[in-house]
Amino acid sequence: MSLQSVPNSFEGRKQLEAEAWKLVRKVFEKHGWKIAPVGMNRSLILPEAEPLIMTAPNPPTVLMLVCVPDAIAVHEATKQSWLVELKSTTRETFALRARDFAALLMWDALLTVAHLPSGAVYACRVENLPPPKLVMLPQRDHPFSLWDEGGLAVLEHQFPEITVRTGVTVVAGSKAPFAVWELESLERLEAYLAASG
């Protein structure tokens with residue numbers, strides 16, 4: 001797998017996530033933080049709740065059940081903590097699905113993005129993300145889910161000036177709407193932690 005390619009398999013994405021996790025953990029621990037995976041995901045939702053969650057008429061808060069930040073970080077000396085979302089990229093940009101953006105905004109999460117070719121890690125509170133470069137609506141055979149529509153509405157409300165590109169062909173990942181940000185729009189995690197401590 002080329003470092004510049006986006007893996008189109010679950011296993012390939014998990015491999016990149018594992019590489020990113022090592023980089024993020026190293027930076028947090030260097031600054032005296034303890035960090036651990038939360039381990040909560042959609043597979044933990046009970047079967048009887050799944051149909052209700054899938055059809056809930058008010059998706060924004062329901063999104064918090066299906067998109068939970070990846071880790072928790074605690075700095076005992078300063079009594080600070082963060083719910084941390086971990087992303088990785090091999091490019092100079094990174095992407096977030098619209099529904100993930102909406103849920104992470106409600107979680108007040110800290111977004112971390114590991115740039116795997118350089119080993120650099122960037123960070124920003126989701127509520128402080130600058131406007132994305134663009135939003136992409138992938139070409140699909142069926143309508144967007146309530147989760148995707150709700151997430152897209154939150155994204156467009158937060159950034160009314162964004163450029164939306166429709167009918168995009170997407171090979172990797174889900175066919176959900178997503179936004180793309182420039183990596184350089186974020187500060188390094190090391191500087192972020194130093195400033196917050």
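Which residues in α4 meet which residues in α5? Before this is answered, the model itself requires a word. It is a predicted model, in which local features need pLDDT of at least 70, side-chain atom pairs count only at pLDDT 80 or more, and totals for chains, interfaces and linings use all residues. Residues are numbered from 1 along each chain as its sequence is written, and side-chain values use heavy atoms, with hydrogens and water left out.

**First stop: two packed helices**

Select residues 98–107, helix α4, and residues 146–158, helix α5. Helices (H or I, at least four residues) and strands (E, at least two) are DSSP runs, numbered from the N terminus. Two packed helices are described by the angle between their axes and the distance between the axes. Here the angle is about 65° and the axes are 7 Å apart; the axes are lines fitted to C-alpha atoms over the stretch in contact, and angles run from 0 to 180 degrees between N-to-C directions. α4 is therefore roughly perpendicular to α5, a term covering 65 to 115 degrees.

Now display the side chains. From α4, Ala98, Arg99, Phe101, Ala102 and Leu105 meet Trp147, Asp148, Gly151, Leu152, Val154, Leu155 and Gln158 of α5. The residues of this contact (heavy atoms within 4.5 Å) divide into 8 nonpolar, 2 polar and 2 charged. Ala, Val, Leu, Ile, Met, Phe, Trp, Tyr, Cys and Pro count as nonpolar, Asp, Glu, Lys and Arg as charged, and the others, Gly among them, as polar.

**Second stop: Asp100**

Remain in helix α4 and select Asp100. Asp100 is buried, with a relative accessible area of 6%. Buried means under 20% relative accessible area, exposed over 50%, and partly exposed in between (1.4 Å probe, protein chains only). Leaving aside neighbours within four places in sequence, Asp100 is in contact with Cys67 and Lys87.

Most residues other than glycine have a negative phi. Select Asp108, in the loop between α4 and β5 (110–115): its phi is positive, about 55°, and Asp108 is partly exposed at 33% relative accessible area. Next select Lys79, in the loop between β2 (71–75) and β3 (80–89). Phi of Lys79 is near 60°, and Lys79 is exposed, with a relative accessible area of 74%.

**Last stop: helix α6**

Select residues 189–196, where Leu189, Tyr192 and Leu193 are buried. Seen down the axis of α6, the buried residues fall within an arc of 95°, so they line one face of the helix; the arc is that of the directions from the helix axis to the C-beta atoms. On the other side of α6, Ala194 and Ala195 are exposed.

Notes. Parallel < 35°, antiparallel > 145°, perpendicular 65-115°, else oblique.
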